[in-house]
Number of protein chains: 2
Amino acid sequence: MPLADAELARLLDRWPVARLATIAAGGRPHLVPIVFARTGGVLWSPIDGKPKSAAKLARVRDIERDPRVTVLLDRYDDDWSRLWWIRVAGGASLVAGDAGAEAALRAKYPQYATTPLFRAAPLLLRIAVETTISWTATPSR
Amino acid sequence: MPLADAELARLLDRWPVARLATIAAGGRPHLVPIVFARTGGVLWSPIDGKPKSAAKLARVRDIERDPRVTVLLDRYDDDWSRLWWIRVAGGASLVAGDAGAEAALRAKYPQYATTPLFRAAPLLLRIAVETTISWTATPSR
(Lines give C-alpha, C1' and ligand atoms only; values in the text may rest on other atoms or scores of the structure.)
Protein backbone atom coordinates (compact mmCIF):
# COMPACT_ATOMS: atom_id res chain seq x y z
CA MET A 1 0.00 0.00 0.00
CA PRO A 2 1.41 3.47 -0.80
CA LEU A 3 2.17 6.03 1.89
CA ALA A 4 -0.42 8.75 2.38
CA ASP A 5 0.49 11.94 0.50
CA ALA A 6 1.12 14.00 3.64
CA GLU A 7 3.36 11.32 5.14
CA LEU A 8 5.22 10.92 1.86
CA ALA A 9 5.91 14.65 1.72
CA ARG A 10 6.97 14.73 5.37
CA LEU A 11 9.43 11.90 4.89
CA LEU A 12 10.90 13.40 1.71
CA ASP A 13 11.44 16.62 3.66
CA ARG A 14 12.79 15.15 6.88
CA TRP A 15 14.25 11.67 6.42
CA PRO A 16 17.99 12.17 6.84
CA VAL A 17 19.45 9.56 4.52
CA ALA A 18 18.81 8.00 1.14
CA ARG A 19 20.64 5.67 -1.20
CA LEU A 20 21.52 6.87 -4.67
CA ALA A 21 21.84 4.43 -7.55
CA THR A 22 23.62 5.46 -10.72
CA ILE A 23 24.82 3.47 -13.71
CA ALA A 24 28.54 2.85 -13.80
CA ALA A 25 30.57 2.58 -16.97
CA GLY A 26 29.86 -0.85 -18.37
CA GLY A 27 26.34 -0.85 -17.04
CA ARG A 28 26.63 -2.17 -13.50
CA PRO A 29 24.61 -0.28 -10.90
CA HIS A 30 26.54 1.89 -8.45
CA LEU A 31 25.22 2.67 -4.95
CA VAL A 32 26.11 5.20 -2.31
CA PRO A 33 24.37 6.62 0.75
CA ILE A 34 23.57 10.32 0.48
CA VAL A 35 22.28 13.18 2.54
CA PHE A 36 19.82 15.37 0.70
CA ALA A 37 17.30 18.18 0.99
CA ARG A 38 14.14 18.72 -1.04
CA THR A 39 13.03 21.99 -2.58
CA GLY A 40 9.85 21.60 -4.60
CA GLY A 41 10.30 18.80 -7.07
CA VAL A 42 14.07 18.62 -6.70
CA LEU A 43 16.31 16.64 -4.38
CA TRP A 44 19.71 18.20 -3.72
CA SER A 45 22.75 16.37 -2.42
CA PRO A 46 26.13 17.96 -1.78
CA ILE A 47 29.14 16.40 -3.44
CA ASP A 48 31.86 16.27 -0.80
CA GLY A 49 29.35 17.12 1.85
CA LYS A 50 30.75 14.81 4.47
CA PRO A 51 33.91 12.77 4.84
CA LYS A 52 33.83 10.21 2.08
CA SER A 53 36.11 8.07 0.03
CA ALA A 54 36.74 8.46 -3.67
CA ALA A 55 33.25 7.03 -4.28
CA LYS A 56 32.01 10.55 -4.96
CA LEU A 57 34.05 10.66 -8.12
CA ALA A 58 32.33 7.56 -9.45
CA ARG A 59 28.96 9.17 -8.77
CA VAL A 60 29.91 12.31 -10.67
CA ARG A 61 31.33 10.40 -13.62
CA ASP A 62 28.26 8.17 -13.77
CA ILE A 63 25.87 11.10 -13.90
CA GLU A 64 27.83 12.93 -16.54
CA ARG A 65 27.51 9.82 -18.70
CA ASP A 66 23.90 8.89 -17.83
CA PRO A 67 21.65 11.26 -15.86
CA ARG A 68 19.11 8.60 -14.93
CA VAL A 69 19.24 7.92 -11.21
CA THR A 70 17.11 6.19 -8.62
CA VAL A 71 16.90 7.29 -4.99
CA LEU A 72 15.54 5.10 -2.21
CA LEU A 73 14.43 6.22 1.23
CA ASP A 74 13.42 3.46 3.58
CA ARG A 75 12.97 2.56 7.18
CA TYR A 76 14.17 -0.68 8.61
CA ASP A 77 12.78 -1.84 11.93
CA ASP A 78 12.86 -5.20 13.68
CA ASP A 79 9.08 -4.84 13.77
CA TRP A 80 8.32 -5.53 10.13
CA SER A 81 4.91 -3.91 10.43
CA ARG A 82 6.79 -0.58 10.59
CA LEU A 83 8.63 -0.87 7.28
CA TRP A 84 8.18 1.59 4.46
CA TRP A 85 10.08 2.77 1.42
CA ILE A 86 9.96 5.59 -1.09
CA ARG A 87 11.56 5.19 -4.50
CA VAL A 88 12.23 8.24 -6.65
CA ALA A 89 13.27 8.06 -10.29
CA GLY A 90 14.95 11.25 -11.39
CA GLY A 91 17.16 13.06 -13.80
CA ALA A 92 20.43 14.17 -12.27
CA SER A 93 22.72 17.04 -13.10
CA LEU A 94 25.65 18.76 -11.44
CA VAL A 95 25.27 22.35 -10.31
CA ALA A 96 28.06 24.60 -9.06
CA GLY A 97 26.24 26.08 -6.11
CA ASP A 98 22.62 27.02 -5.45
CA ALA A 99 21.72 29.34 -2.59
CA GLY A 100 18.29 27.82 -2.00
CA ALA A 101 19.61 24.29 -1.99
CA GLU A 102 22.46 25.16 0.33
CA ALA A 103 20.08 26.87 2.75
CA ALA A 104 17.79 23.83 2.68
CA LEU A 105 20.70 21.51 3.44
CA ARG A 106 21.93 23.69 6.31
CA ALA A 107 18.41 23.90 7.73
CA LYS A 108 17.92 20.13 7.57
CA TYR A 109 21.35 19.11 8.88
CA PRO A 110 22.65 20.93 11.97
CA GLN A 111 25.86 18.97 11.36
CA TYR A 112 26.79 21.57 8.76
CA ALA A 113 27.43 24.03 11.56
CA THR A 114 30.67 22.15 12.17
CA THR A 115 31.19 20.09 9.00
CA PRO A 116 31.98 21.98 5.79
CA LEU A 117 29.16 21.73 3.27
CA PHE A 118 31.80 21.54 0.55
CA ARG A 119 35.44 20.62 0.85
CA ALA A 120 36.42 22.24 -2.42
CA ALA A 121 34.43 24.31 -4.91
CA PRO A 122 30.69 24.03 -4.26
CA LEU A 123 29.17 21.18 -6.21
CA LEU A 124 25.63 19.91 -5.85
CA LEU A 125 23.84 16.96 -7.30
CA ARG A 126 20.45 18.17 -8.55
CA ILE A 127 17.88 15.41 -8.99
CA ALA A 128 14.70 16.45 -10.75
CA VAL A 129 12.02 14.08 -9.49
CA GLU A 130 10.26 12.27 -12.32
CA THR A 131 8.27 9.59 -10.53
CA THR A 132 7.77 8.66 -6.90
CA ILE A 133 6.54 5.27 -5.74
CA SER A 134 6.05 4.32 -2.11
CA TRP A 135 5.07 1.35 -0.03
CA THR A 136 4.21 0.90 3.61
CA ALA A 137 3.48 -2.22 5.62
CA THR A 138 1.01 -0.33 7.79
CA PRO A 139 -0.87 2.72 6.53
CA SER A 140 -0.81 5.58 9.03
CA ARG A 141 -3.94 6.38 10.96
CA MET B 1 39.30 4.39 5.33
CA PRO B 2 38.06 0.80 4.92
CA LEU B 3 36.48 -1.14 7.75
CA ALA B 4 38.71 -3.62 9.53
CA ASP B 5 38.29 -7.17 8.18
CA ALA B 6 36.72 -8.54 11.37
CA GLU B 7 34.24 -5.67 11.57
CA LEU B 8 33.40 -6.02 7.88
CA ALA B 9 32.66 -9.73 8.36
CA ARG B 10 30.63 -9.07 11.49
CA LEU B 11 28.48 -6.48 9.72
CA LEU B 12 27.94 -8.66 6.66
CA ASP B 13 26.76 -11.42 9.00
CA ARG B 14 24.60 -9.34 11.33
CA TRP B 15 23.43 -6.09 9.72
CA PRO B 16 19.71 -6.60 9.17
CA VAL B 17 19.06 -4.57 6.02
CA ALA B 18 20.69 -3.77 2.71
CA ARG B 19 19.67 -2.05 -0.49
CA LEU B 20 19.80 -3.98 -3.73
CA ALA B 21 20.40 -2.22 -7.03
CA THR B 22 19.57 -3.95 -10.28
CA ILE B 23 19.35 -2.69 -13.85
CA ALA B 24 15.82 -2.22 -15.12
CA ALA B 25 14.79 -2.69 -18.72
CA GLY B 26 15.99 0.38 -20.56
CA GLY B 27 18.97 0.79 -18.30
CA ARG B 28 17.74 2.80 -15.36
CA PRO B 29 18.87 1.57 -11.95
CA HIS B 30 16.24 -0.08 -9.75
CA LEU B 31 16.48 -0.06 -5.94
CA VAL B 32 14.79 -2.00 -3.20
CA PRO B 33 15.53 -2.67 0.47
CA ILE B 34 16.24 -6.31 1.22
CA VAL B 35 16.81 -8.64 4.13
CA PHE B 36 19.61 -11.09 3.57
CA ALA B 37 21.86 -13.68 5.17
CA ARG B 38 25.44 -14.55 4.30
CA THR B 39 26.85 -18.03 3.87
CA GLY B 40 30.49 -18.00 2.83
CA GLY B 41 30.86 -15.79 -0.22
CA VAL B 42 27.15 -15.65 -0.98
CA LEU B 43 24.39 -13.29 0.10
CA TRP B 44 20.90 -14.78 0.07
CA SER B 45 17.69 -12.81 0.02
CA PRO B 46 14.23 -14.34 0.00
CA ILE B 47 11.86 -13.28 -2.74
CA ASP B 48 8.51 -12.68 -1.05
CA GLY B 49 10.14 -12.85 2.33
CA LYS B 50 8.16 -10.04 3.87
CA PRO B 51 5.10 -8.06 2.91
CA LYS B 52 6.03 -6.16 -0.21
CA SER B 53 4.49 -4.61 -3.24
CA ALA B 54 4.94 -5.82 -6.79
CA ALA B 55 8.51 -4.44 -6.70
CA LYS B 56 9.75 -7.98 -6.23
CA LEU B 57 8.68 -8.82 -9.72
CA ALA B 58 10.81 -6.01 -11.12
CA ARG B 59 13.80 -7.32 -9.19
CA VAL B 60 13.34 -10.82 -10.56
CA ARG B 61 12.86 -9.62 -14.14
CA ASP B 62 15.92 -7.39 -13.88
CA ILE B 63 18.17 -10.21 -12.69
CA GLU B 64 16.96 -12.62 -15.34
CA ARG B 65 17.98 -10.03 -17.92
CA ASP B 66 21.23 -8.84 -16.28
CA PRO B 67 22.74 -10.65 -13.28
CA ARG B 68 24.99 -7.78 -12.26
CA VAL B 69 23.82 -6.33 -8.97
CA THR B 70 25.17 -4.02 -6.30
CA VAL B 71 24.30 -4.31 -2.62
CA LEU B 72 24.87 -1.55 -0.09
CA LEU B 73 24.91 -1.88 3.67
CA ASP B 74 25.30 1.36 5.56
CA ARG B 75 24.73 3.00 8.86
CA TYR B 76 23.28 6.46 9.17
CA ASP B 77 23.70 8.32 12.43
CA ASP B 78 23.22 11.96 13.32
CA ASP B 79 26.81 11.76 14.57
CA TRP B 80 28.58 11.69 11.24
CA SER B 81 31.73 10.27 12.84
CA ARG B 82 29.79 7.00 13.16
CA LEU B 83 28.97 6.54 9.47
CA TRP B 84 30.12 3.53 7.49
CA TRP B 85 29.14 1.68 4.36
CA ILE B 86 29.88 -1.61 2.66
CA ARG B 87 29.34 -1.99 -1.07
CA VAL B 88 29.21 -5.45 -2.63
CA ALA B 89 29.28 -6.08 -6.36
CA GLY B 90 27.89 -9.48 -7.21
CA GLY B 91 26.39 -11.84 -9.70
CA ALA B 92 22.80 -12.71 -8.95
CA SER B 93 20.75 -15.75 -9.78
CA LEU B 94 17.41 -17.17 -8.71
CA VAL B 95 17.34 -20.41 -6.79
CA ALA B 96 14.23 -22.44 -5.93
CA GLY B 97 15.09 -23.20 -2.34
CA ASP B 98 18.35 -23.85 -0.49
CA ALA B 99 18.31 -25.49 2.93
CA GLY B 100 21.47 -23.77 4.16
CA ALA B 101 20.32 -20.35 3.03
CA GLU B 102 16.89 -20.82 4.55
CA ALA B 103 18.43 -21.90 7.86
CA ALA B 104 20.74 -18.86 7.82
CA LEU B 105 17.80 -16.53 7.18
CA ARG B 106 15.74 -18.08 9.99
CA ALA B 107 18.70 -17.88 12.36
CA LYS B 108 19.32 -14.21 11.55
CA TYR B 109 15.70 -13.04 11.57
CA PRO B 110 13.51 -14.20 14.48
CA GLN B 111 10.68 -12.52 12.58
CA TYR B 112 10.46 -15.64 10.42
CA ALA B 113 8.98 -17.46 13.39
CA THR B 114 5.76 -15.61 12.65
CA THR B 115 6.22 -14.29 9.09
CA PRO B 116 6.32 -16.86 6.27
CA LEU B 117 9.75 -17.05 4.66
CA PHE B 118 8.01 -17.54 1.33
CA ARG B 119 4.47 -16.70 0.37
CA ALA B 120 4.42 -19.02 -2.63
CA ALA B 121 6.99 -21.50 -3.92
CA PRO B 122 10.40 -20.95 -2.30
CA LEU B 123 12.49 -18.53 -4.31
CA LEU B 124 15.80 -17.09 -3.24
CA LEU B 125 18.02 -14.47 -4.71
CA ARG B 126 21.57 -15.82 -4.64
CA ILE B 127 24.24 -13.13 -4.91
CA ALA B 128 27.77 -14.41 -5.42
CA VAL B 129 30.06 -11.75 -3.98
CA GLU B 130 32.61 -10.54 -6.51
CA THR B 131 34.09 -7.47 -4.84
CA THR B 132 33.56 -5.77 -1.49
CA ILE B 133 34.51 -2.18 -0.79
CA SER B 134 33.97 -0.46 2.54
CA TRP B 135 34.39 2.93 4.14
CA THR B 136 34.20 4.17 7.68
CA ALA B 137 34.44 7.65 9.09
CA THR B 138 36.11 6.35 12.23
CA PRO B 139 38.16 3.15 12.24
CA SER B 140 37.32 0.89 15.18
CA ARG B 141 39.72 0.61 18.04
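Predicted model: local features only at pLDDT ≥ 70, side-chain atom pairs only at ≥ 80, totals over all residues.
Let's start with the contact between the two chains. Here 41 residues of chain A are in contact with 41 residues of chain B. Together the chains bury about 3,600 Å² between them, and carbon and sulfur atoms give 67% of that area. On the chain A side, A:Arg28, A:Leu31 and A:Trp80 supply 22% of what chain A buries against chain B, more than any other three residues.

Polar links are there too: 16 residue pairs, both members at pLDDT 80 or more, are in polar contact between chain A and chain B. Five strands of chain A, namely E1 (18-23), E2 (29-34), E5 (68-75), E6 (84-95) and E7 (124-136), each supply at least two residues of the side that touches chain B. E5(A) gives the largest share, six residues. By residue type, that side of chain A divides into 22 nonpolar, ten polar and nine charged residues.

The count of salt bridges between the chains is four. One of the salt bridges joins A:Arg19 to B:Asp74, with their closest N and O atoms 2.6 Å apart.

Now for strand E5 of chain B, residues 68-75, where six of the eight residues are buried. Its pairings within chain B look like this:

| Strand pair | Sense | Bridges | A bridge pair |
|---|---|---|---|
| E1(B) (18-23) and E5(B) | antiparallel | three bridges | B:Ala21 and B:Thr70 |
| E5(B) and E6(B) (84-95) | antiparallel | eight bridges | B:Thr70 and B:Ala89 |

Conventions. Residues numbered from 1 in each chain as written. Chains lettered and ligands numbered in written order. Heavy atoms only, no water. Contact = heavy atoms within 4.5 Å. Buried area = accessible area lost by both parts, 1.4 Å probe. Salt bridge = Lys/Arg side-chain N within 4 Å of Asp/Glu carboxyl O. Polar contact = N/O pair within 3.5 Å; in protein donor to acceptor, adjacent residues only side chain to side chain. Helix = DSSP H or I, 4+ residues; strand = E, 2+ residues; numbered from the N terminus. Nonpolar A, V, L, I, M, F, W, Y, C, P; charged D, E, K, R; others polar. Buried < 20%, exposed > 50% of the residue type's maximum accessible area, 1.4 Å probe, protein only. Pairing = 2+ DSSP bridges.
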